[in-house]
Amino acid sequence: MAAAPPPDKPGGNTPSPLPNNPDQIILPDIDEDEGEGTGTKPTKTPIDVNRSKLAKFKENYAGATEFCVEIQEVDYGKDARSIDVRAARKGENCYVSMATLGKNNKQQLIETLMLKNKSTWDQYLLFRSSKAAIKARSQDDVDLSLGALIANKQPTQMWSTEIKVGPTKYYAEVYKYYSYEYTTCFTADGKPVYQFVRDLNEKQLNSATLYKTIKAGSGTSNGLCALPTGTKTYSFDDENGTLTDAKGNVFTLKEDATTGIKVYDKDKNDVSDDFKWLTDFFKMMSGQ
């Protein structure tokens with residue numbers, strides 16, 4: 001029997017932060033595919049995948065050539081951590097920043113630019129406050145789209161439900177993919193606002209995602225998909241321990257047991273003060 005389309009107004013447009021306590025997220029029973037639910041658990045009802053809110057979002061936004069999205073991802077359990085992600089695209093150029101906060105409350109920010117260069121994309125690590133960027137590598141393809149970020153799965157079965165995040169109820173859609181269950185909540189204007197992932201084998205919540213903002217259209221990338229004005233670019237040769245700037249000037253890196261990394265120009269002048277950002281670069285490379 002064909003299911004009715006999802007409601008037009010599933011919830012509010014202003015999401016709340018993700019709860020610190022996952023028990024404040026009320027999801028349907030994992031083993032229940034449809035019916036009345038149990039106790040305080042919500043009901044799940046089969047719906048037509050092609051008429052779902054998720055399919056409608058993908059139809060409207062997946063191919064956007066300019067967008068910006070801000071996301072918070074929280075992993076639960078022994079590897080608990082929180083990641084704030086901002087991703088943007090303008091034409092062929094892309095930007096991603098990730099700020100990670102782990103158990104030790106130590107935060108690390110990584111900003112990456114992927115700029116089209118003929119048939120490939122040059123990937124730069126950006127050190128914004130120092131107006132410097134290092135070309136990390138080139139790659140043949142970049143798959144950064146709203147479809148890939150938010151609606152990349154292609155389920156064949158889907159259920160609708162109403163769940164609670166804290167005190168607020170949301171219309172949501174549920175589907176299973178391999179050994180995981182995905183529950184996506186929607187705002188009144190039809191945009192995804194939360195996604196919860198549960199392990200079907202362990203029967204527990206693995207992660208939660210909050211889509212803070214989703215903007216698409218001209219001007220929404222807000223200048224993120226280009227090198228900031230005045231930024232100096234370098235390529236790094238790990239084997240030879242050198243940096244080369246855009247003009248071809250080569251700088252030699254030497255490790256000093258007392259002061260850390262020293263940098264010398266072609267005339268062997270110490271120019272380390274111009275490269276203080278290298279400390280952050282090497283911490284990033286070592287995963288600190």
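These are my notebook entries on a predicted model of one protein chain.

**Entry 1. Confidence**

The mean pLDDT of the protein chain is 87, and 88% of its residues reach 70 or more. Where pLDDT is low, the predicted coordinates should not be read in detail. I left those contacts alone.

**Entry 2. The nonpolar cores**

Next I looked up the interior. In soluble globular proteins, nonpolar side chains tend to be buried together. The largest nonpolar core here has 17 residues. Which of them touch the most other members? They are Val-69, Leu-144, Ile-150 and Ile-214. Strand 3 (66-75), strand 4, strand 5, helix 2 (146-150) and strand 13 each give two or more residues to this core.

I took Leu-144 and listed its contacts, leaving aside neighbours within four places in sequence. They are Phe-67, Ala-87, Ala-88, Arg-89, Cys-94, Tyr-95, Val-96 and Leu-149.

I checked Cys-185 and found it buried, at 0% relative accessibility.

**Entry 3. Cysteines**

How many disulfides does the structure hold? I found zero. I looked at Cys-68 to see how its sulfur is placed. The closest cysteine sulfur is that of Cys-225, 7.9 Å away, so the two are too far apart for a bond. The cut-off for a disulfide is 2.5 Å between the sulfur atoms. Cys-68 counts as buried, with 9% relative accessibility.

**Entry 4. Salt bridges**

Side chains of opposite charge can pair when their charged atoms come close. I searched the whole structure for such pairs and got ten salt bridges. I wrote down several of them.

Arg-81 and Asp-75 meet through their side chains at 3.3 Å, N to O. Arg-81 is partly exposed at 38% relative accessibility, and Asp-75 is partly exposed at 25%.

Asp-84 and Lys-212 also form a salt bridge, at 3.3 Å, N to O. This pair links distant parts of the chain, since its members are 128 residues apart. Asp-84 is in strand 4 (residues 81-90), and Lys-212 is in strand 13 (residues 204-216). I find Asp-84 partly exposed at 28% relative accessibility and Lys-212 partly exposed at 40%.

Asp-270 and Lys-262 meet at 3.2 Å, N to O. Asp-270 has a relative accessible area of 44% and is partly exposed. Lys-262 has 21% and is partly exposed too.

**Entry 5. Glu-181 and its network**

One set of salt bridges forms a network that links Lys-44, Glu-181 and Arg-198. I followed Glu-181, which sits in strand 11 (residues 180-186). Is Glu-181 buried or exposed? Its relative accessible area is 1%, so Glu-181 is buried. The side chain of Glu-181 makes a polar contact of 2.6 Å with the side chain of Arg-198.

Beyond four places in sequence, I listed the contacts of Glu-181 as Ile-30, Lys-44, Val-174, Tyr-175, Lys-176, Phe-196, Val-197, Arg-198 and Leu-200. Both of its network partners, Lys-44 and Arg-198, are in that list.

**Entry 6. Ser-97**

I looked up Ser-97 and found it in strand 5 (residues 93-101). Ser-97 counts as buried because its relative accessibility is 7%, and the cut-off for buried is under 20%. Not counting residues up to four places away in sequence, Ser-97 touches Asp-84, Val-85, Arg-86, Leu-109, Ile-110 and Glu-111. Asp-84 is the residue I had noted for its salt bridge with Lys-212.

**Entry 7. Positive phi**

Most residues other than glycine have a negative phi, and most peptide bonds are trans.

Asn-222 has a positive phi of about 55°. Where is Asn-222 found? It lies in the loop between strand 13 and strand 14 (232-237). Asn-222 is exposed, at 65% relative accessibility.

Lys-268 has a phi near 70°, also a positive value. I found Lys-268 in the loop between strand 17 (260-264) and helix 3 (278-286). Its relative accessibility of 71% counts as exposed.

Definitions and conventions
Residues numbered from 1 in each chain as written. Predicted model: local features only at pLDDT ≥ 70, side-chain atom pairs only at ≥ 80, totals over all residues. Heavy atoms only, no water. Helix = DSSP H or I, 4+ residues; strand = E, 2+ residues; numbered from the N terminus. Buried < 20%, exposed > 50% of the residue type's maximum accessible area, 1.4 Å probe, protein only. Contact = heavy atoms within 4.5 Å. Salt bridge = Lys/Arg side-chain N within 4 Å of Asp/Glu carboxyl O. Polar contact = N/O pair within 3.5 Å; in protein donor to acceptor, adjacent residues only side chain to side chain. pLDDT = per-residue confidence, 0-100. Core = buried A, V, L, I, M, F, W, Y, C linked by side-chain atoms within 4.5 Å.
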